[in-house]
Amino acid sequence: MQDKRGTQAGPGLRSVQEAVAQAFAERTPGGMRPGELDRDGRALRWVEAGQGVGAPVVLIAGCGTSSLTWTPVLPELSRHGRVVAYDRAGLGASEPHRPAVRPAVRVAGPAESRAAHQAVSRAVSRAGAPTLDGQVEDLAALVRHLDAGPAVLVGHSWGGQLAQLLAWQRPELVAGLVLVDPAHEEFQPPAVRVAEAALNRLWLLRTAVASSSSPGPADPLARAEAAVVAHHHQRRTVLAENRLTAATVLEIRRRRAGARLPEVPVAVLSATEGLPGVLRSRWTALQSQVASAATRGTHILVRGAGHAVHTDRPRAVIAAVLEVSDHARYLRNA
């Protein structure tokens, strides 16, 4: 089965968006609205809820995860204003980047032919994979498309780094930041990366097995998760994004050294559980530095929360978002 854009699909990516909206709608007063933006022939999709004259809240999921990760907080946030949960390219309901066409190569000697073939193979294997600039540009395009002025960006883990990258590069698009246990380029322990990749593979396998069972899951959230991983490109993107976080360490370090966050309210939330004490202390210290470097920064330790703070302690995330949104509204009206 294919959707109108030709994406090979189980239920089709627009149907995935519908399943995601239904999963949120079960918990969200006023229901959900789908959104879609054309990115050079590729659909970037989201769901949104709520109304309001203040800055919209844009939720940016962690590495390899879809907008569904925000089910613990989106319904309550929508009571206070407009909130948007989007999927990066190749994740959730958004279409993946288009693979490049294999270039023609003509060389004379066998050695040259082998080297050229290897170079082309490497280029083709990278084609269509997520890139740092591509993800930041998609986020910028989404905020502009909302046509509501700068947004409050709420980013978890890798999403927190993307939020900072956009704030450095396009400060006029950012009204405030809530960074939920954000990733940091100086915290890349090999053991943590390997564990994260293994957990991603396990999650994909378990969800794919569940999605193949008949009848399908009755819970709307479980149905939406099953619909998401029914697409092979989703699984590839999850693993490719995990590699991207490691491959961009030097580039993000370079950008951080040459930039600073705009003078907007910034809340950085740190987990306290889920890692050995030494590693957790190091990560928390880096997150504290991010808050300290912001003119209007606040660092919040969320006791009893693991890395998915928005799942373990959703009230802490909701409170931080509302505080930053109120502060941003005050600054905008001052």
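Helices (H or I, at least four residues) and strands (E, at least two) are DSSP runs, numbered from the N terminus. Between β1 and β2 sit 2 residues, making a hairpin, and Asp 40 in the turn has a positive phi of about 55°.

Val 47 has a partner in β4 as well: its bridge partner there is Ala 85. β2 and β4 (residues 83-86) are antiparallel too, with 4 bridges joining them.

So how buried is β2? Of the 8 residues in β2 (residues 42-49), 8 are buried, so the strand is largely enclosed by the rest of the structure. Buried means under 20% relative accessible area, with exposed over 50% and partly exposed in between (1.4 Å probe, protein chains only). In a regular strand the side chains alternate between the two faces of the sheet. Here both faces are covered, with Arg 42, Leu 44, Trp 46 and Glu 48 buried on one side and Ala 43, Arg 45, Val 47 and Ala 49 buried on the other.

Now over to a pair of helices. The axes of α4 (residues 132-146) and α5 (residues 158-169) come within 10 Å and cross at roughly 70°. Those axes are lines fitted to C-alpha atoms over the stretch in contact, with angles running from 0 to 180 degrees between N-to-C directions. The two helices are therefore roughly perpendicular, a label for angles of 65 to 115 degrees (under 35 is roughly parallel, over 145 roughly antiparallel, the rest oblique). On the α4 side the contact (heavy atoms within 4.5 Å) is made by Leu 132, Gln 135, Val 136, Leu 139, Ala 140 and Val 143, and on the α5 side by Trp 158, Leu 162, Leu 165, Leu 166 and Gln 169.

Helix α7 (residues 220-228) is worth a stop. Asp 219 caps its N-terminal end, with a side-chain oxygen 3.1 Å from the backbone nitrogen of Leu 221. Leu 221 is also one of the buried residues of α7, as are Pro 220 and Val 228.

Zooming out, the protein chain has 12 helices and 8 strands, and buried residues make up 50% of its 334 residues.

Residues are numbered from 1 along each chain as its sequence is written, and side-chain values use heavy atoms, leaving out hydrogens and water. In this predicted model, local features need pLDDT of at least 70 and side-chain atom pairs count only at pLDDT 80 or more, while totals for chains, interfaces and linings use all residues.

Conventions
A polar contact is a pair of N or O atoms within 3.5 Å; within protein, one must be able to donate a hydrogen and the other to accept it, and residues adjacent in sequence count only if both atoms are side-chain atoms. Two strands pair if DSSP finds at least two bridges between them.
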